[in-house]
Amino acid sequence: KASMERELALARSVQQGMLPPPAVVEHGRFRVVGHCEPASSCGGDWWTVHDLPDGRLLVVIGDVTGHGVPSAMITAAAKAACDVVRTTEGNKLTVTNLLEVLNRAIYESAKRKFVMTCFASIIDGKARTITYANAGHNFPYLFRSGAPEGSDFQVLMSRGNRLGDLEESTYSEKVNQLQPGDVIVWYTDGIVECENERGEEFGEKRFRASVRRAGDLDPVAMRESVVSGASQFFGQRQRKDDITMVFAKFAG
């Protein structure tokens, strides 16, 4: 048992090393920060952020079915594939090409025993755009502070097969314009589906309300506010799924 615990602790350490550091990432007018909380020793959630050679910014978030060591191994395959295609494609990288490469990597690695939802985004600060493609993942939020309540939230809506579902899956990209002060929130389904001690899910409504309350804060303070509010809601109940959130703010 002690040997297994040491192995799990090492696996957790290795997986944490595949994630961006908890400090904020500065990229021109954008500031990006994330939070990843596995439900067990290792998790099936994964996210990454990278500068691209032409000054754009890549943000990817993924969620493997289940959690624990098997799911963590699939996140490692996704991380490796992402790094390879990002390095080889350089400024020619597109979100559709990235998802198609990741799909083939997950299909070959998991043999359909596991699949991954994934959302790939490329932010262009000069053009003030976010270009994105989706592989069955939750739609991220674009929060526009100052807009009337009810129209202050948009969803970055795009659809596609999960990674690893079909070998020949293809994906389509969409583009949204950004405005100064815009907040983008990527997340996995754990934050909305995990329950408190009364069996109530946190849900989309509570999640949006927590983002709205923190919308004028910098990304680090926003993360701390949302995480703190969710933790108070969950109480001592064991999380049933991994929770990952990524917050970005456009200074304009």
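The points below cover aromatic pairs, a helix contact and the cysteines.

1. Please keep in mind throughout that this is a predicted model.

2. The whole structure contains 10 aromatic pairs. One of them joins Phe119 and Tyr132, which count as stacked because their ring centres lie 5.5 Å apart with the planes at 20 degrees. Phe119 sits in strand E5 and Tyr132 in strand E6, 13 residues apart. Phe119 is buried at 0% relative accessible area, and Tyr132 is buried at 3%.

3. Tyr141 and Tyr187 form a stacked pair too, with centres 5.5 Å apart and planes at 15 degrees. This pair links strand E7, which holds Tyr141, to strand E10, which holds Tyr187, across 46 residues. Tyr141 is buried at 3% and Tyr187 at 2%.

4. Helices H5 (residues 203–214) and H6 (residues 219–234) pack at about 145 degrees, their axes 9 Å apart, and the crossing is right-handed. H5 contributes Arg206, Phe207, Ser210, Val211 and Ala214 to the contact, while H6 contributes Met222, Ser225, Val226 and Phe233. By type, the contact residues are 6 nonpolar, 2 polar and 1 charged.

5. Cys118 is buried, with a relative accessible area of 0%, whereas Cys36 is partly exposed at 21%.

Technical notes. Residues are numbered from 1 along each chain as its sequence is written. This is a predicted model: local features need pLDDT of at least 70, side-chain atom pairs count only at pLDDT 80 or more; totals for chains, interfaces and linings use all residues. Side-chain values use heavy atoms; hydrogens and water are left out. Axes are lines fitted to C-alpha atoms, for helices over the stretch in contact, and angles run from 0 to 180 degrees between N-to-C directions. Helices (H or I, at least four residues) and strands (E, at least two) are DSSP runs, numbered from the N terminus. A crossing is left-handed if the near helix is turned anticlockwise from the far one by less than a right angle, and right-handed if clockwise. Contact means heavy atoms within 4.5 Å. Ala, Val, Leu, Ile, Met, Phe, Trp, Tyr, Cys and Pro count as nonpolar, Asp, Glu, Lys and Arg as charged, and the others, Gly among them, as polar. Buried means under 20% relative accessible area, exposed over 50%, partly exposed in between (1.4 Å probe, protein chains only). Rings of Phe, Tyr and Trp (its six-membered ring) pair if their centres lie within 6.5 Å; planes under 30 degrees apart count as stacked, over 60 as edge-to-face and the rest as tilted.
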